[in-house]
Amino acid sequence: GAMPHNSTRIITAIASLGWLLVGGYAIWEIATSSESDNWEVPYLLFAVGLLIGATLTVAALFAARRGLERSVVRTVGFGVCLLGVVSTIVAWALPLWMGTLGIGFALVAVGSSGAVRRAASMLAGAQALGIVTLFALLQVEIGEQDKYGDYPAVFGIALLVTVAGTLVALFVLGGIAIPQQTDDRRARTDDQLFA
C-alpha cells in the first residue's frame with residue numbers, strides 16, 4: 001500500500017533537516033574559522049543534527065529494502081551502518097563516522113539491487129568524498145589553523161561535500177517506490193497494447 005512510501009518520504013525529509021543542520025554548522029565553521037568562543041551551541045546543533053540525520057538515513061534505507069531478496073551482505077552492511085550511527089556521537093571525528101557509515105552503505109549497496117543499490121551507492125560515495133576532501137585539503141592546509149591545531153575551513157568544506165551528496169541520495173531514497181512509478185509502467189503497457 002501507499003503507507004510505506006509515505007513513511008520513507010517522511011523519514012528522508014526529517015533526515016534531510018538533520019543533515020541541513022550539519023551543513024549550517026559547516027558554513028559557520030568556514031565563516032568564523034572557530035574564532036568565536038561561542039562554539040558550544042553551534043556544535044551541539046551539529047552533533048544533534050548529525051545523530052538525527054545519520055540515524056534516519058539508515059532507517060530510510062532499511063525501510064526501502066522491503067521487497068528485495070534477503071542478503072547476508074546487506075544485513076552485515078546495516079550492522080556496520082548502526083556502528084556508524086553510534087560513532088556519530090563523536091561528531092568531530094569526521095573520518096571515524098564517515099568511514100564507518102561509508103563502508104556500511106557500500107555493503108548495503110552490494111547486497112541490494114535497483115533503486116536501493118543506487119541510493120546506498122550515493123550515500124557511500126558522499127561519505128567517501130567527504131573523507132577524500134578532508135585529507136586532500138589538510139595536505140594543502142587550506143584556511144587558518146585554530147588554537148587546537150585544526151583547520152576549521154577544511155573541516156567545514158569536507159562536511160559540506162558529504163552533506164550535499166547525502167541530500168541528493170536522500171532525495172533519491174525518498175522517491176523510491178512511489179506508487180506513481182507503477183502507474184507509469186502500466187500506462188506504458190497500455191500504450192503497447194493499443195499500439
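In this predicted model, F46 is buried, with a relative accessible area of 0%. The residue lies in helix α2. Leaving aside neighbours up to four places away in sequence, F46 touches V22, Y25, A91, W92, F155 and L159.

As general background, nonpolar side chains in soluble globular proteins tend to be buried together.

Across the whole structure, a search finds eight aromatic pairs. One of these is formed by W19 and W97; the pair is tilted, because the ring centres are 6.2 Å apart and the planes meet at 50°. This pair links distant parts of the chain, W19 being in helix α1 and W97 in helix α4, 78 residues apart. W19 and W97 are buried. Y25 and F46, in turn, form a stacked pair, with 4.5 Å from centre to centre and 5° between the planes. Here too the link joins distant parts of the chain, with Y25 in helix α1 and F46 in helix α2, 21 residues apart. Both Y25 and F46 are buried. Y25 and F46 are also members of one aromatic cluster, together with W28, W39, Y43 and F155.

V80 is in helix α3 and counts as buried because its relative accessible area, 17%, is under the 20% cut-off. Beyond its neighbours within four places in sequence, V80 is in contact with T100, I103, G104 and L107. The C-alpha atoms of V80 and F105 are 8.2 Å apart, although the two residues are 25 positions apart in sequence. V86 is also placed in helix α3, which spans residues 72–87, but V86 counts as exposed, at 52% relative accessibility. V86 takes part in a nonpolar surface patch of about 580 Å², made together with L51, I89, V90, W92 and L96. One member of that patch, W92, is among the residues in contact with the buried F46.

Technical notes. Residues are numbered from 1 along each chain as its sequence is written. This is a predicted model: local features need pLDDT of at least 70, side-chain atom pairs count only at pLDDT 80 or more; totals for chains, interfaces and linings use all residues. Side-chain values use heavy atoms; hydrogens and water are left out. Patches are made of residues with over 30% relative accessible area and no salt bridge: like charges are joined within 9 Å, nonpolar side chains (Val, Leu, Ile, Met, Phe, Trp, Tyr) within 5 Å. Accessible areas come from the Shrake-Rupley method with a 1.4 Å probe; for residues, only the protein chains shown count as cover. A salt bridge is a side-chain nitrogen of Lys or Arg within 4 Å of a carboxyl oxygen of Asp or Glu. Helices (H or I, at least four residues) and strands (E, at least two) are DSSP runs, numbered from the N terminus. Buried means under 20% relative accessible area, exposed over 50%, partly exposed in between (1.4 Å probe, protein chains only). Contact means heavy atoms within 4.5 Å. Rings of Phe, Tyr and Trp (its six-membered ring) pair if their centres lie within 6.5 Å; planes under 30 degrees apart count as stacked, over 60 as edge-to-face and the rest as tilted.
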